[in-house]
2 protein chains.
Amino acid sequence: MKTFDLMTYIEAKRARVDAALEELLPLTDGPSLPVFQAMRYSVMAGGKRVRPILLMAGAEAVGGDPGPLMPFACAIECVHTYSLIHDDLPAMDDDDLRRGRPTCHKAYGEAVAILAGDGLLTLAFELIMNPAHMKKIPPDAFRLAVYRLARAAGVHGMVGGQTADILMENREIDGETLSYIHTRKTGALISACVEIGAILGGGQREQVEALVRYGDALGLAFQVKDDLLDVEGDPRITGKSSGSDEKSHKATYPALYGIENTRQRARDLLDQALLSLRDFDHLADPLRAIASFVVEREY
Amino acid sequence: MKTFDLMTYIEAKRARVDAALEELLPLTDGPSLPVFQAMRYSVMAGGKRVRPILLMAGAEAVGGDPGPLMPFACAIECVHTYSLIHDDLPAMDDDDLRRGRPTCHKAYGEAVAILAGDGLLTLAFELIMNPAHMKKIPPDAFRLAVYRLARAAGVHGMVGGQTADILMENREIDGETLSYIHTRKTGALISACVEIGAILGGGQREQVEALVRYGDALGLAFQVKDDLLDVEGDPRITGKSSGSDEKSHKATYPALYGIENTRQRARDLLDQALLSLRDFDHLADPLRAIASFVVEREY
């Protein structure tokens, strides 16, 4: 039996997501407006498409066909990109560069960047709700999936997490607040991707619940590992200067618990993620490989 | 027969929308975050609830019960409020006051205002998609209605209109561009309200189409009348200094076509709106009265 090759899997999926995004991103229907270009500029900036891939892997794990779910997968990438655009704004993290290119507001100005973010968040729901897309999903499952996305993106998820993160800059932070930020700012959407894939893929209730546990562990592991890489990662590999979180006075796991405890925490979360997949067969191998990769990566 | 009393109708509906918003706006689920207060501050700032009322009146016109549609009506008010918060930002229209109170970013700072807008836009879809709400709407109608909202709010609607409006400040504008801005910036959402009410209220296809024509005329009439009031309105009644659009170099209908043509255009749009309701019975009286009011109001 051939072992599962994660990199081949990811590359194939990513190429399909990129092609679908290229097609689904809107073109102007009137005067040439920079907001259309700004949306495309940020979405097509070479993202790893982690979230769409997780959605598809979640559907596959329960035996579903991920093909028809592509508009939903692309919608989640739009939500993710909108959050990056708004997080980078001068009033927020004030970043000039993202993935080596000028951030959206540096390239298009602040007003257009705000509108491009607004446009992408709205486009996500436009893509999902378009009656021409995903016609065969049972209505109850469909509705629940969209609700989970909105919930993960909103004030109880990403928006709340980003608010807490910004307010806590330059302030002493306790474990409870750090956990609030971690679970909401990035964890909520990552977990929702796997859950949504499982729901739309036709998963049974216990399967969906198991995949939510997997997603929660994965989302946290992702964040904890990011914090670790920031402290001990090789800047030539991670692409950012080491200790940059500390310099911008961002709350991190190692700052609060120390490096060795953080490493252990990442390993524990990986174990937890894998354990949640115990009752799944080889169809969950992509999810298993992704979890290991997230914790063992060097960038 | 008693004539229809619009003010009583509006007051009753507005009180119900306010009560529902009070209940549906989220409370924090963790640390006390100003984004929750900021969302509430802007939504509960004394809006006239024109859009939720139009949704309910649209449902009534086709014989539907507007009661169960309240979460959708509130969602549309969230979308409207988010757009006001973001339009007021320093990078956009840079307004310090709205309805006589400090704008959201003046009260809570720019970062929280951006996040409050993002939170409200997302909350709209959370309220609509919540499986506990609006259970009896047929899935196809439900999906179409949500799609119309997303489409009206997105780059082909409000976001596109606002982009064009901002880019055109201090520039010569032609009739085509002005029409693009008018139909998208405010017209799209107003028209979508009536259409969504008709769809969710169980309207037949021809009824929905007629109400879309009504909504398009109403949305434009609303904008044209706003422009007129800005030029010739009594500042003591309109609450803004007359000629304020001209001072901020905003494109307006009277600036392009003259005051008399603008008055005639408003009357024509009212005729068009009323004509679209020709085949409707007394259940469309609220919509008829609203159209007359929009064009004849002094504020």
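**Entry 1. Helix α4 of chain A**

I began with helix α4 of chain A, residues 70-88, in this predicted model. At 1.5 Å a residue, its 19 residues should span 27 Å, and I found the end C-alpha atoms 27 Å apart, which agrees. The expected span is 1.5 Å times one less than the number of residues in the helix. Helices here are DSSP runs of H or I with at least four residues, strands are runs of E with at least two, and both are numbered from the N terminus.

I then looked up burial. A residue is buried if 20 or more other C-beta atoms lie within 10 Å of its own, exposed if 12 or fewer do, and partly exposed in between, with C-beta atoms placed from the backbone. In α4(A), 18 of the 19 residues are buried, so the helix is largely enclosed by the rest of the structure.

**Entry 2. Conventions and confidence**

I note that residues are numbered from 1 along each chain as its sequence is written, and that chains are lettered from A and ligands numbered from 1 in the order in which they are written. As this is a predicted model, local features need pLDDT of at least 70 and side-chain atom pairs count only at pLDDT 80 or more, while totals for chains, interfaces and linings use all residues.

For chain A the mean pLDDT (the predictor's confidence in each residue, from 0 to 100) is 93, and 94% of its residues reach 70 or more. I recorded ipTM 0.95 and pTM 0.95 for the model.

**Entry 3. Chain A as a whole**

I counted 15 helices and 2 strands in chain A. A compact globule of 299 residues would have a radius of gyration near 19 Å, and chain A has 19 Å, which agrees. That radius is taken over C-alpha atoms, and the globule rule is 2.2 Å times the number of residues to the power 0.38. Along its principal axes, the C-alpha trace of chain A spans about 55 × 50 × 35 Å. Buried residues make up 52% of the 299 residues in chain A.

I also checked contacts, which require C-beta atoms, placed from the backbone, to lie within 7 Å. Among contacts in chain A between residues at least 6 apart in sequence, 72% join residues at least 24 apart.

**Entry 4. Relation of the two chains**

I superposed the copies by least squares on the C-alpha atoms of residues with pLDDT of at least 70 in both. A rotation of 180° with 0.0 Å of shift along its axis places chain A on chain B, with RMSD 0.0 Å. That is the relation of a two-fold axis. The same surface serves both copies, since 100% of the contact residues of chain A recur in chain B. Of the residues of chain A, P139(A) comes closest to the rotation axis, its C-alpha lying at 3.1 Å.

**Entry 5. The interface**

I found 45 residues of chain A in contact with 45 residues of chain B. On the side of chain A that touches chain B, the elements giving two or more residues are α2 (34-43), α6 (110-129), α7 (139-153), α8 (158-168) and α9 (175-200) of chain A. The largest share, 13 residues, comes from α6(A). By class, this side has 28 nonpolar, 11 polar and 6 charged residues. Ala, Val, Leu, Ile, Met, Phe, Trp, Tyr, Cys and Pro count as nonpolar, Asp, Glu, Lys and Arg as charged, and the others, Gly among them, as polar.

Within helix α6 of chain A I looked up L123(A). L123(A) is buried, with 28 other C-beta atoms within 10 Å. Residues up to four places away in sequence aside, L123(A) touches P26(A), C78(A), G154(B) and V155(B).

**Entry 6. A73(B)**

A73(B) is in helix α4 of chain B. I found A73(B) buried, with 27 other C-beta atoms within 10 Å. Residues up to four places away in sequence aside, A73(B) touches V17(B), P52(B), L55(B) and M56(B).

**Entry 7. Positive phi**

Most residues other than glycine have a negative phi. I noted R49(A), not a glycine, with a positive phi of about 60°. R49(A) lies in the loop between α2 and α3 of chain A and is buried, with 23 other C-beta atoms within 10 Å. M134(B), also a residue other than glycine, has a positive phi near 45°. M134(B) lies in the loop between α6 and α7 of chain B and counts as partly exposed, with 19 C-beta neighbours inside 10 Å.

Key:
Two residues are in contact if their C-beta atoms, placed from the backbone, lie within 7 Å.
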